[in-house]
Amino acid sequence: MRSSSSLSLRSKRYTKEEILARTHCDCPLPIEMQVAWTITNPGRRFKGCPIYDEKCHFYGFFDDELPSDYYKKLFFNLHEENKMLKKNLGKNMYKNKKKSNNSDEGCMEMGELKDDLTLIKSKLQMYDKVVVVLVILVAFVVASRLFA
């Protein structure tokens, strides 16, 4: 079975080291390592030509695929919830700033905002731990398959 971590460029296969060393595609446009956050490839690093669909076929994943759809969906949902929490954190800070300029109501809301921030920080810390556990689990599953 071929590794999904190698890069295919018009039937040529590249190693991870070659992918990392590559800074331009055949166009020759500059390419950089990016991270996919789709439901099918959450958190997978890849390199690809910016105009891949039109002219150049330089594209491929650097990381191995997650072992099951369950882990893909779980990892993707954690990422989406983390994005939503960060977005809501920014909105709450903006609302509080506007209210505190108007009256003393902002003082009472400041305490509520601190409580919200504490809750959000604890959730983010928990999500960070879950992501680390998932990465370790995926590494263990991949390693066990390699040595089995």
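**Reading the terms in a predicted model**

Modeller: The protein chain contains three helices and five strands, where helices (DSSP H or I runs of at least four residues) and strands (E runs of at least two) are numbered from the N terminus. From that terminus on, the elements run β-β-α-β-β-β-α-α. This is a predicted model, in which local features need pLDDT of at least 70 and side-chain atom pairs count only at pLDDT 80 or more, while totals for chains, interfaces and linings use all residues. Residues are numbered from 1 along each chain as its sequence is written, and side-chain values use heavy atoms, with hydrogens and water left out.

Biologist: Why is Phe 76 called buried?

Modeller: Buried means under 20% relative accessible area, exposed means over 50%, and partly exposed lies in between (1.4 Å probe, protein chains only). Phe 76 has a relative accessibility of 16%, and therefore counts as buried. Phe 76 belongs to helix H2 and, with residues up to four places away in sequence not counted, touches Trp 37, Thr 38, Ile 39 and Pro 42, a contact being heavy atoms within 4.5 Å. Across the protein chain, buried residues make up 27% of the 148 residues.

Biologist: What makes Gly 43 partly exposed rather than buried?

Modeller: Gly 43 has a relative accessible area of 24%, so it is classed as partly exposed. Gly 43 sits in the loop between strand S3 (34-36) and strand S4 (44-48), and its contacts, leaving aside neighbours within four places in sequence, are Val 35, Ala 36, Trp 37, Asp 63 and Phe 75. Asp 116, in helix H3, is likewise partly exposed because its relative accessible area is 36%.

Biologist: What makes the nine residues of the largest nonpolar core a core, and which are they?

Modeller: A nonpolar core is a set of buried Ala, Val, Leu, Ile, Met, Phe, Trp, Tyr and Cys residues joined through side-chain atoms within 4.5 Å. The largest one consists of Leu 66, Phe 75, Leu 78, Leu 85, Ile 120, Leu 124, Tyr 127, Leu 134 and Val 138. Helix H2 (69-102) and H3 are the elements that give two or more residues to this core, and H3 gives the most, with five residues. Apart from it lies another core of five residues, among them Ile 31, Cys 49, Cys 56 and Phe 58.

Biologist: How do you know which element gives the most to the lining of the second largest pocket?

Modeller: A pocket is an open set of points on a 1 Å grid over the protein atoms alone, where a 1.4 Å probe fits and protein lies on both sides within 12 Å along at least five of seven lines; lining residues have an atom within 4 Å of a point. The second largest pocket is lined by 14 residues, of which Asp 63, Asp 64, Leu 66, Val 135 and Val 138 lie nearest its centre. Helix H3 (residues 105-147) gives the most to this lining, with five residues.

Biologist: What does the record say about residues 130-147, and what is the chain there?

Modeller: The unreviewed UniProt entry annotates residues 130-147 as "transmembrane region", and such annotations may be inferred rather than shown by experiment. In the model the chain over residues 130-147 is 100% helix and 0% strand, with the end C-alpha atoms 26 Å apart.
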